[in-house]
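Trainee: Could we go through this structure together, with each term set against its definition?

Mentor: Gladly; here it is.

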Amino acid sequence: MSNNWRISSFNGALLAAYFIPVWSIIAFSIMVSPIHGLYERPSVSIAFYASDYLHLGKMATVRLAWLLALARITVVAFFAVFLAMAAFSPLRKNSSGADEALAVALCLGSVLSFASMMIASKVGEVEALRMHAAELLMLLGTAIVMLFETAPKRAAEAPAGEASAPASELSLQQP
């Protein structure tokens with residue numbers, strides 16, 4: 001079982017162990033009390049930007065808070081799907097569905113963290129900027145590892161396929 005785990009899968013599981021509880025707590029805090037949850041540390045830069053630059057009213061701010069909570073819960077859901085698929089050995093061996101769920105979670109989480117980081121920079125929230133930058137670096141690091149890592153079974157199947165094909169069928173290699 002240990003030879004089926006790749007570095008990106010293990011790193012994705014560690015990321016899921018962080019993002020699932022943290023972002024779930026943030027999203028549920030926003031769902032319970034949208035305005036109060038939006039003005040807590042993880043989302044305060046978005047709240048300041050919405051009030052200072054976008055001049056949103058009360059209901060529009062509530063809708064923005066719910067949209068932010070929905071985005072965070074979506075990322076959490078994709079991390080949970082990744083963990084479920086990576087935990088079961090047959091699913092991990094036969095399909096790349098776990099990698100796809102991890103890729104979607106990384107993409108959506110990176111976009112949300114990058115936007116939050118840029119907004120925190122714009123409104124001058126240094127602590128929120130550091131938090132979003134750290135989350136973005138964790139997500140991008142896993143994405144880079146996932147991008148450059150090759151599957152071990154694909155590398156093992158390539159030489160076997162070349163050895164089984166007769167030389168007469170390989171028209172590109174003949175002069």
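Trainee: What share of the contacts in the chain with a separation of 6 or more comes from residues 24 or more positions apart?

Mentor: Such residues account for 73% of those contacts, where contact means heavy atoms within 4.5 Å. This is a predicted model, in which local features need pLDDT of at least 70 and side-chain atom pairs count only at pLDDT 80 or more, while totals for chains, interfaces and linings use all residues. Residues are numbered from 1 along each chain as its sequence is written, and side-chain values use heavy atoms, with hydrogens and water left out.

Trainee: Why is Ser9 called buried?

Mentor: Buried means under 20% relative accessible area, exposed over 50%, and partly exposed in between, with a 1.4 Å probe and protein chains only. Ser9 has a relative accessible area of 7%, so Ser9 counts as buried. Ser9 lies in helix 1 and, leaving aside neighbours within four places in sequence, is in contact with Phe82 and Asp99.

Trainee: What makes a set of residues a nonpolar core?

Mentor: The members must be buried Ala, Val, Leu, Ile, Met, Phe, Trp, Tyr or Cys residues joined through side-chain atoms within 4.5 Å. The largest such core here has 28 residues, of which Trp23, Phe79, Phe82 and Leu106 touch the most other members. Two or more residues each come from helix 1 (7-32), helix 3 (44-52), helix 4 (58-87), helix 6 (97-123) and helix 7 (126-148).

Trainee: How many helices and strands does the chain have?

Mentor: There are 8 helices and 0 strands, these being DSSP runs numbered from the N terminus, H or I of at least four residues for helices and E of at least two for strands.
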